[in-house]
Amino acid sequence: MSAVLSTSTPVPSNGSQRSEGVWHAAWRRLRADKVGMFSMAIVGAFILLMLLAGTGLVAADWTKEVAVPNAQPTFMGPTPKDATGTIAVPTGPNVDLTDIDPLAPRYKEWAERAAKFKTSDSVKADTLPFGADRLGRDVLAKAVKGAEVSILVGLLAALLATLIGTVLGAISGFFGGKIGDLLEWIYNVFTAIPGILLIFAFAVIFGRGVMSVALILGLAGWTGIYRLIRAEFLKHSVRDYVRSAEAIGASQMSRMFKHILPNVSHVALVQLSLHVVGFIKSEVILSYLGLGVGVDQVSWGTMLAEAQSELILGHWWQLVAVTAFMAVFVTAFSLFTDALRDALDPKLRGLE
């Protein structure tokens, strides 16, 4: 009777428990990494800032000239007034030009018409927290709006490149044969062309804009991820746990993306992080050369292009603002991805 009970309702002995899942174990290791959690909070704050800027809740008025041109940051105080450059406004009654100017009688009528459309000039600030650019626009608002564009371009391009490289690398490494040879030929064609020329060629085809830049960088940057993922799938496809899954009837798609992919995901995550950083830099180059975002948009690349000319005149605050934003985000994103890699690395599983 006891044997029947033990067979139908097995009770685990003391000290034995069901093993936790891959993602649950990875999340537990990530929570134990203080640097990784702090970096994740910073990345989350930037993502939230990007979403708020995209919905217009913050930095919606970045195009408005709210300050005097090249207004200094608040801690430096207002720009000293140069009295020598003041132009004296003539006073006294207007001279009658009727005899020498046939249009003089119409001046009064035109002035009355113009007065109907005259707008009142708003009071412009002498200083701003991060200063103003040459047009009087708030540098802080531009940096926040630029973060939306640059981070969006970097993330979309990196996700696209990672998706293309991972899928093609998995197919090539798992199946091999003629499919692998075809994908290897495509890979060799893309790598034979210098990367910068390939980006310029795609830029001419797709034009300017956020989505165009993301598509350009994603199509040009998947080759490195493909090579690494293909090598990982070649290595894992012949291991015992994959052979065991095949023996119990697991499909090819299940073995590829349910069994092998979680064990090589740390490689894709590391490449994702590196490509986000690299694609943000590429967006800077494209925007500097006039092939990036549109003229009616702002990004970290366009801000750096503007800051170059301003720096010559001694106006350094736009360069410092955009550099600080880029440095904080890129560093935090890299540390966060390193923490994810350590949490997902199969070599660390079971080593508590």
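Start your tour in the largest nonpolar core, which has 71 residues. Such a core is a set of buried Ala, Val, Leu, Ile, Met, Phe, Trp, Tyr and Cys residues joined through side-chain atoms within 4.5 Å. Select Ile151, Leu217, Phe233, Val276, Trp300, Met303 and Phe329, the residues with the most contacts inside this core.

Before you go on, note that this is a predicted model, where local features need pLDDT of at least 70, side-chain atom pairs count only at pLDDT 80 or more, and totals for chains, interfaces and linings use all residues. Residues are numbered from 1 along each chain as its sequence is written, and side-chain values use heavy atoms, with hydrogens and water left out.

Next, centre on Ile151. Leaving aside residues up to four places away in sequence, Ile151 touches Phe46, Ile47, Met50, Trp300 and Phe329 (contact means heavy atoms within 4.5 Å).

Now show Phe46, Phe325, Phe329 and Phe333, a cluster linked by ring pairs. Rings of Phe, Tyr and Trp (its six-membered ring) pair if their centres lie within 6.5 Å; planes under 30 degrees apart count as stacked, over 60 as edge-to-face and the rest as tilted.

How many aromatic pairs does the structure hold? There are nine aromatic pairs. One of them joins Phe174 and Phe175 edge-to-face, at 5.3 Å centre to centre with 85° between the planes. Phe174 is buried at 15% relative accessible area, while Phe175 is partly exposed at 32% (buried means under 20%, exposed over 50%, partly exposed in between, with a 1.4 Å probe and protein chains only).

Last stop: Trp316 and Trp317, an edge-to-face pair with 5.7 Å centre to centre and 70° between the planes. Trp316 is partly exposed at 31% relative accessibility, and Trp317 is buried at 3%.
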